[in-house]
Amino acid sequence: MEDCKATVFVASPEMEKFLCDRLLDKTQTISERFRALFSLRNLKGSGPRDALILATRDPSNLLAHEAAFALGQMQDIDAIPALEGVLNDLSLHPIVRHEAAEALGAIGVERNITTLEHSLVQDPAQEVRETCELALKRIEQLKDTIHDQELSPMEKSPFMSVDPAVPAASCSSVENLRGILLDEGKGMYERYAALFALRNHGGDEAVMAIVDSLGAQSALLRHEVAYVLGQLQSKVASAALSDVLKNLNEHPMVRHEAAEALGSIADEQCVALLEKFTMDPEPIVSQSCEVALSMLEFERLGKSFEYLHMQAPQVQ
């Protein structure tokens, strides 16, 4: 998962068609298709939405899950039927179903409750069931908020992402938040809330508290921890994230997030490790490393990885 920019761009019909075609063109490299995906999520309308919906069924589980994530970050209620279909399709990889459930929680409307409750009981994958639990709790917390496709004040993140849990109270100490995050007896939503509060707190002490939770029993929580460490871009976390990526017994969704986080940190050791694991036998991991390295190369050249940052005006 990459952070979704809280910016809306306009694009010509020709550019929009180019991006949709590029996203769905299986002859393109995974990095080029991700460039199109990251650009399309900055657009509104049926064209970008429909292309992302089609991408949720792509043979690349990495691309499919990122498309579902983007639909959630866009908070487009017209994407709900397609996301419900993805969540209910047990032939799809759990990482894709998980992201569809998270997207339904991010959109946050009450009509999503029935679908999420069904998968909470019926889905065979623990990470999907836990995601449904989180999404249902998020909708419960937000159900009294008026949704009009814009983020409400309680949903806004300093990292420009629609988080799967509202951060815990900012007055909580790092020590207290760490205790909640590491407590296996706490509910998943409460632990997520502590995680995002620690992220927003920042600083090495908070980062190390987050790093400590990479040993959590839940693969879903471990993957979110790696994602958050990528948002923080702290070199303090690089050794722990490297260990996650190297661990072939770890869940692919966790290793994938560790790879992306290492790409965000981007020191010499991180880059070398990403280059090595572009050959990983798990496509979710190898493709994550490939995309991370491509993003770093664009950054090194002083260019944006996303097409629209270079080719479309920002709407104020």
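Student: Which residues does Leu 116 touch, not counting residues up to four places away in sequence?
Tutor: In this predicted model, Leu 116 is among the residues with the most contacts inside the largest nonpolar core. Leaving aside residues up to four places away in sequence, the residues that Leu 116 touches are Leu 87, Ala 101, Leu 104, Cys 132, Ala 135, Leu 136 and Ile 139.

Student: How many residues does the largest nonpolar core have?
Tutor: In soluble globular proteins, nonpolar side chains tend to be buried together. Here the residues with the most contacts inside the largest nonpolar core include Leu 23, Leu 83 and Leu 274, and the core itself has 104 residues.

Student: Where does UniProt place the feature "binding site", and why can its residues be said to gather at one spot?
Tutor: The unreviewed UniProt entry places this feature at His 65, Glu 66, His 98 and Glu 99. These residues span 35 residues in sequence, yet they gather at one spot because no two of their C-alpha atoms are more than 10.9 Å apart.

Student: Which of these residues does the lining of the largest cavity include?
Tutor: UniProt's "binding site" feature covers His 65, Glu 66, His 98 and Glu 99. Of these, the lining of the largest cavity includes Glu 99.

Student: Is His 98 buried or exposed?
Tutor: His 98 lies in helix H6, residues 94-107, and, not counting residues up to four places away in sequence, His 98 touches Val 128, Thr 131, Leu 220, His 223 and Met 253. Buried means under 20% relative accessible area. The relative accessible area of His 98 is 0%, so His 98 is buried.

Note on methods:
Residues are numbered from 1 along each chain as its sequence is written. This is a predicted model: local features need pLDDT of at least 70, side-chain atom pairs count only at pLDDT 80 or more; totals for chains, interfaces and linings use all residues. Side-chain values use heavy atoms; hydrogens and water are left out. UniProt positions are given in the numbering used here, feature names are shortened, and annotations may be inferred rather than shown by experiment. On a 1 Å grid over the protein atoms alone, a cavity is a set of points where a 1.4 Å probe fits but cannot get out, and a pocket is an open set with protein on both sides within 12 Å along at least five of seven lines; lining residues have an atom within 4 Å of a point. Helices (H or I, at least four residues) and strands (E, at least two) are DSSP runs, numbered from the N terminus. Buried means under 20% relative accessible area, exposed over 50%, partly exposed in between (1.4 Å probe, protein chains only). Contact means heavy atoms within 4.5 Å. A nonpolar core is a set of buried Ala, Val, Leu, Ile, Met, Phe, Trp, Tyr and Cys residues joined through side-chain atoms within 4.5 Å.
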